Amino acid sequence: MPAGFLQQLKFHTRPDCVDESNFKRFYVLSLVGVFGLIVHILLIPGFLVIGATHMAIINLISVPIWLIGLLLNRRGKHTLAVYLFTFEVICHSVFSAATLGLDSGFQFYLWSISALIILHTKLKPFSSFIYSCIITFLFASLYVWFGQIEYTYAYPNLLPLIHFLNITIANLPLAAGLSMTLQLTVKQELKLRKLANNDSLTNLYNRRYTQNALKQQTALANREHSPLSIALGDIDFFKKVNDQLGHDQGDLVLIGVAKLLKGSMRSSDIVCRWGGEEFLIVMPSTQIDSAFEKIEKVRKQINQTILVNQTTNKASVSMSFGLVEYDCELGLESTLKLADNALYQSKASGRNQTTIAKVSNNQYQALEPRPNLPMHADTN
Ligand SMILES: Nc1nc2c(ncn2[C@@H]2O[C@H](COP(=O)(O)OP(=O)(O)OP(=O)(O)O)[C@@H](O)[C@H]2O)c(=O)[nH]1
């Protein structure tokens, strides 16, 4: 066989015409195709040895059919490949049952092909169900039509072994296909969950997820009387970053800030992109004093490490925070409003600082006030 032709059958690399989302389908079908091809080639001498020349000839015809199926799969025509494999397996099973009898066990390949049709997600679920039912009906019918056929070829003592091998070999692709489909389903579910819960730019939790998580955390804090601190942070003069350095540079700043925030918090804390350049950090079982220490630490770190113009190293990013400890008597909405007000206080007092909202008397106290350090993005 020419090397170029064999090259075409490579099933572990994705050809350009098969897009990323179809890779798993392509891979499973390639495995089934290569497996079917090898089995058919190996069976040719086997049939000749037992004297079933007609089956050897059928296998010789089957080999190019499996090769064509593999090539169709490689060209992105997955459904056509499934139909071709199915057609071949049906013909093969019927011929074997009619001539060798059911004791040879070739009819069990119908089970594999029936599962392959069900698992082939390119087919409409109802169609694949109907096709699978037809194949199952055909499998059962073989026992009615050919149940009396006796094996009349050489080595009848090997019949139990052939039966055993056929059941085993026929079920291997079935098990592999099911396991791969399960993996794919779990992966897709995780991907969908991530898409629904995470912000695509920063990979932090999004507002929708955090709103639900906040409800759970506040319920837990109410029940267990445990402290719950919430910080609302906002990048200072972020509009300037976008205006002077461009939106892409602004996005890089957001990603950098998100990374630092996430890296500085405990795994039990929830770090969320609350809005454009606003971040919300939920710290369960954390008293306001230690929350303040943590937020101040990361605020300083952001100010020292995130530079808006990496080439000139001239301008640093600063953030302002409003910090509040959840009060069950106040409720979640008012607590968040307090965090927002405390953030506003930080901005009004010169930015680059953290303000704690004193919940008891609705007074805001700016701790560790900082001098006004407006950010001037340097575009030179
Ligand atoms: N690059 C980028 N910019 C964003 C994104 N989301 C929001 N912004 C920008 O963030 C800026 C927010 O600006 P403002 O709300 O005026 O606040 P600011 O300039 O940070 O000023 P202060 O908050 O008062 O310090 C706007 O220019 C938005 O376009 C985003 O995903 N990427």
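How do α4 and α6 run relative to each other, roughly parallel or roughly antiparallel? They pack at an angle of about 10°, and angles under 35 degrees count as roughly parallel, so α4 and α6 are roughly parallel to each other. Keep in mind that this is a predicted model.

**α4 with α6**
- Helix α4 covers residues 78–99 and helix α6 covers residues 125–146, and their axes sit 10 Å apart.
- On the α4 side, the residues in contact are Y83, T86, I90, S93, V94, A97 and A98.
- They meet Y131, I135, L138, L142 and F146 on the α6 side.
- Sorted by class, that contact has 10 nonpolar residues, 2 polar ones and no charged ones.

**α5 with α7**
- Here helix α5 (residues 109–119) packs on helix α7 (residues 159–197), with an angle of about 15° and axes 8 Å apart.
- That angle is also under the cut-off of 35 degrees, so α5 and α7 count as roughly parallel to each other.
- The crossing of α5 past α7 is left-handed.
- From α5, the contact draws on Y109, W111, S112, A115 and L119.
- From α7, it takes in N166, I169, A170, N171, P173, L174, G177, L178 and T181.
- In class terms, the contact of α5 with α7 comes to 9 nonpolar and 5 polar residues, with no charged ones.

**α2 with α3**
- Helix α2 (residues 23–50) and helix α3 (residues 53–74) have axes 8 Å apart, at an angle of about 160°.
- Angles over 145 degrees count as roughly antiparallel, so that is the label for α2 and α3.
- α2 passes α3 in a left-handed crossing.
- The contact of α2 with α3 splits into 17 nonpolar residues, 8 polar and 1 charged.

**Ligand site**
- The ligand is surrounded by 16 residues, and the closest are F237, F238, K239, D251 and R273.
- D251, one of those closest residues, puts a polar side-chain atom 2.6 Å from a nitrogen atom of the ligand.
- For D234, an N or O atom of the side chain is 3.0 Å from a ligand oxygen atom.
- With E277, a side-chain N or O atom lies 3.3 Å from an oxygen atom of the ligand.

Methods:
Residues are numbered from 1 along each chain as its sequence is written. This is a predicted model: local features need pLDDT of at least 70, side-chain atom pairs count only at pLDDT 80 or more; totals for chains, interfaces and linings use all residues. Side-chain values use heavy atoms; hydrogens and water are left out. Axes are lines fitted to C-alpha atoms, for helices over the stretch in contact, and angles run from 0 to 180 degrees between N-to-C directions. Helices (H or I, at least four residues) and strands (E, at least two) are DSSP runs, numbered from the N terminus. Angles under 35 degrees count as roughly parallel, over 145 as roughly antiparallel, 65 to 115 as roughly perpendicular and the rest as oblique. A crossing is left-handed if the near helix is turned anticlockwise from the far one by less than a right angle, and right-handed if clockwise. Contact means heavy atoms within 4.5 Å. Ala, Val, Leu, Ile, Met, Phe, Trp, Tyr, Cys and Pro count as nonpolar, Asp, Glu, Lys and Arg as charged, and the others, Gly among them, as polar. A residue is near a molecule or strand if one of its heavy atoms lies within 4 Å of it. A polar contact is a pair of N or O atoms within 3.5 Å; within protein, one must be able to donate a hydrogen and the other to accept it, and residues adjacent in sequence count only if both atoms are side-chain atoms.
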